Each structure stands twice: as structure tokens, then as C-alpha cells.
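Subject: Structure handover

Hi,

Here is the structure we talked about. Please load it and read the notes below alongside it.

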Amino acid sequence: MDIYEATSPADHRSGPLGARPGKIIAVHLSYASRAEQRGRRPANPSYFFKPPSSLGSSGGTVERPAGTELLAFEGEIALVIGTTARWVKPEKAWDHVAAVTAANDFGLYDLRAADKGSNVRSKGGDGFTPLGPGLIDARDIDPAALRVRTWVNGDLVQEDTTAGLLFPLRQFVSDLSQHFTLEPGDVILTGTPAGSTVVSPGDVVVVEVDAPGTSASSGRLHTTISQGIRAFSDIGGLPEVDDKQRAEAWGTPKTGEVTEKPPALAEELREKLERAPVAALSAQLRKRGLNNVAIDGVRPNLPGTKIVGTARTLRFVPNREDLFKSHGGGYNAQKRVFDSVGPGEVIVIEARGDAGSGTLGDILALRARHLGAAGVVTDGGIRDSGAVAETGLPVFSQGPHPAVLGRKHVPWDSDVAVACGGATVLPGDIIVGDDDGVLVIPPALADEVATAALVQEDEDAWIAEQIGQGRPIEGLFPLNALWRERYEAWQKKR
């Protein structure tokens, strides 16, 4: 069958293909961003089969069975075989691909343990492989220049290109053809980039494959998640969930590694820190022996604003072309932090004091603002500085720079100790900034320091009032015994 001459109408079982494929083969791990998230990098691709009955089409639903919790999406590029392929060399492999389209490789992590890696039950459910809505003619595109994007409820959660693949698309066709015949209409799902996570009933997942710079697009593949009412019986393997499965389903950076988020700032402490000037806090930290807690060289994009929050950290390393290729594209460390920052958190970026490239722009600023971030502190530059300011997100930086990220930096990792503006910042440290600068406050000292700073502020305000009335500085600033007695008497009358 030539898929371009298929005469049977497309339906919910075959999507845009016109007829069910004989085989659906899926790649386990193929993108560098996903490999970094999983904490392993395969030397060669590996595969599994999905039943043709798992096919679905745009506008359909995927049911999360009763008694399960970890249904996850995976936006992917799907290859549709056009001519029979057996023992095909890599340089000839693309000749056997008729079309490219969007796919969503849904999986139920609750059933992974039951299958021991085969994915038969966890990935084989009815409708778990929606395709479409349209086909891109493979003859019209460069397989090394395709892009896949995924949205959940309108938010972009996955974006990567085939430049971020560990293995080129041609290799999958050539490799599989060594083991069995690929027939017209067969589908190869080429793996998902980082950003896959759990979805819930009512969520809408959208996937699109396109070739940036051209009009080629699969169109947007829409799938709505529904809640099933029927649970699995005990005649076979039952859903089984543990911390490892939850970590992998939700997208924890490395397999089985569950990181505990620092506690949110107590509202009473936040209010104290909002009232305490950075200069007063700095003085109190110095009294306690902490002199190296200022993030130097940064200034606010919105003068007169105050930031108070707990640190989320992001580290850039110096640009190296091969590393930027593997870590700079797709759903990289930078995007993951801006996509997961919590309310009241401050993103602190280590850019080694190199302001020769932007470390964020207006899109990331908009995302952070939408999620309730308290601000961003970077010892690098920012792009789109005017647009960033318009978002209302406070950003402390070395100033604007028009260059893109890859000129100077590679986004490397997050939620680790970083060095920003000469200060060490740990995840969960308290960040306070105003027009005088930015401080890093150890959480254990924060309440003590804030309280003392406010007391000092009251004292300084009284001293300023006395100076304003014409009294000399000597003995008043700092207070000698006589003036302190007067100050304390004034306090008692308040």
C-alpha cells in the first residue's frame, strides 16, 4: 500500500494513515535532553512494539483507568514507511520514509512493573498512540531539521529538534530493517525529549511536528484525558506504584532520585524581610560574621522594587559547541527551571559574571511571572530587556545584551550550589534584593537577622529625625550612653 494512494477513509483507529499499520515500533530513549533527565545515555537505540489497536486520532480521548494515577504523555515525531525496507543502508534509509507526522506515546507507569520493560500493558492501551492530524511529505523536508512541541492546557512543556537526537532518524529505519521487513504503512515512533510528565482527567495535550522556516507542519494533534470507571481485575498484573515510578513519571531529573523542595518562606518572616532594607540586613549579617553574602555587580531592571524569596538555582557553563548541541537545545535545564519555579521563589543564575549574552528573555520572564516567581537574579545579561521589564518580573542582572544563549553559555544543571556575583547560593537560601543590591541569607539566621534589622531601622529613623532637627552627629550616631537613654525613653512612650 502506498499511503498517498490509500482509498479507505481515515478513522479513529488509523488517524491520517487511511488504514491500520501492520507494525508500530517505538524507540525507548533517543533525545539527549531525555537521557540527561533519566541519568543514562544509551550507546545504541532500543525498541518496543505497540499494538495497532492503540492508534487514535486528533480530537480523541485517552482514558486513565480507574485505580491508576500515573498516565504520562510523550510528544514524538512519527515516521510512516512508504516502501518495503530490508537490509537498508543508513544513507538510503530516508528513501523508504513516505511521511512524517505528530504522535503522542501515552504510557501508564502504574503498569510498568507488571511488564518488566516490554511496555505491553503500560503502553498498549486503546487510544494510547494518537497520530496526526496531517502528514508531511518526507520528500519535502530535511530529517535533521524537524521540531516537535507539546502543550498541556495551553502551556508549552516540550520543545526539541532532531538536532537534539542521540541517533539520526535514518538510523532507526536502517537498524530495524536489519531484523525484520518494514512494510508500507508501518510506523516508527522516534522517542520523546525531556518534559514528559503526568496528566490528569480534563487535561488537554497537544503535539505538533514541523520544519521551522518552512510551511511544513503536521497540524496540532489534540488529545483530552478522561477518567475511566472500570478498574483492572486480579487475573493478571495489577497497578503498582512506588517512589521510583512516580519520579520517572513526573520527570525527576535522574532516575529514582526524588529531590525534596525547600520549605516555603513563612508569611510572617516574608513580611519582616519585605520591610527590612537590604543595607540593614547586610549590617546585621556582618555583625554575625557573614561578609561574603552579597551578589555583586547586579542591578534591578525595575528600580524601586523589592524581591524576597527562596532560591531556585540554575548553572551555566562556558559555551562549547558539542556541549551546547547536547544540552543547549530542547527542554534544557534553563527551560525546566523557568517551567517549574514555584510561587515566591527566586531563580538565581550562575553565568560566571559574563554579561556577553542573555541568560533569559521575555518568554521565560513571562512564564516565571505567570507561575508566581518572586524574581530572577543573574550575574549575566538579559535579552529583550524592555519586554522583560513590561512583564513586571523583578530581574537583577549585569544589564542588557542582545546575543542569544549559545554565544557564551550552556545551560548545564539546576537545583545545585551555584556561584552568582561572587556569592555562593544554595537551593532554599533566602534572597532579598532592593536598589542597594542583593543578599543571600542562610535560612537558619533569617528571622533573627530580619528582626534585628527592623530594630536597627527604628533606631536609625529616630537618629535621622534628631539630625534633621539640627543636632550634631557626635554622640548621636552611633548612640552614646546619654543618647541611648533618650532613645529608649522615647521608645517606651510609643
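Both faces of strand β11 are covered. On one side, R147, R149 and W151 are buried. On the other, V148, T150 and V152 are buried too. That makes six of the six residues in β11 (residues 147-152), so the strand is largely enclosed by the rest of the structure. In a regular strand, side chains alternate between the two faces of the sheet. Bear in mind that this is a predicted model.

β11 has antiparallel partners. Six bridges join β11 to β14 (residues 204-210), and the two run antiparallel. There, V148 stands opposite V209 of β14. Another six bridges pair β11 with β12 (residues 155-161), again in the antiparallel sense. W151 has L156 of β12 as its bridge partner. The hairpin of β11 and β12 has two residues between the strands, and N153 takes a positive phi near 55 degrees in that hairpin.

Buried residues in α11 are L364, A365, R367 and A368. They span an arc of only 160 degrees around the axis, which puts them on the same side of α11. An α-helix has 3.6 residues a turn, so residues three or four places apart point the same way. I363 and H370 are exposed on the other side of α11. What covers the buried residues of α11? The cover includes β12, α10 and α12 (385-391). Just after α11, G372 takes a positive phi of about 90 degrees.

Now α10 (residues 333-338), which contains A333. A333 is buried, at 1% relative accessible area. Leaving aside residues up to four places away in sequence, A333 touches L314, P411, W412 and D413. For a distance check, take A333 and F48: they are 285 residues apart along the chain, and their C-alpha atoms are separated by 28 Å.

Last, a helix pair. How do α13 (residues 443-468) and α14 (residues 481-493) pack? Their angle is about 110 degrees, and their axes are 11 Å apart. Angles of 65 to 115 degrees count as roughly perpendicular, so α13 and α14 are roughly perpendicular to each other. From α13, the contact uses V455, D458, E459, W462 and Q466. From α14, it uses W483, R484, R486, Y487 and W490. By class, this contact of α13 with α14 has five nonpolar, one polar and four charged residues.

Best regards

Definitions and conventions. Residues are numbered from 1 along each chain as its sequence is written. This is a predicted model: local features need pLDDT of at least 70, side-chain atom pairs count only at pLDDT 80 or more; totals for chains, interfaces and linings use all residues. Side-chain values use heavy atoms; hydrogens and water are left out. Axes are lines fitted to C-alpha atoms, for helices over the stretch in contact, and angles run from 0 to 180 degrees between N-to-C directions. Helices (H or I, at least four residues) and strands (E, at least two) are DSSP runs, numbered from the N terminus. Angles under 35 degrees count as roughly parallel, over 145 as roughly antiparallel, 65 to 115 as roughly perpendicular and the rest as oblique. Contact means heavy atoms within 4.5 Å. Ala, Val, Leu, Ile, Met, Phe, Trp, Tyr, Cys and Pro count as nonpolar, Asp, Glu, Lys and Arg as charged, and the others, Gly among them, as polar. Buried means under 20% relative accessible area, exposed over 50%, partly exposed in between (1.4 Å probe, protein chains only). Two strands pair if DSSP finds at least two bridges between them. The arc is that of the directions from the helix axis to the C-beta atoms.
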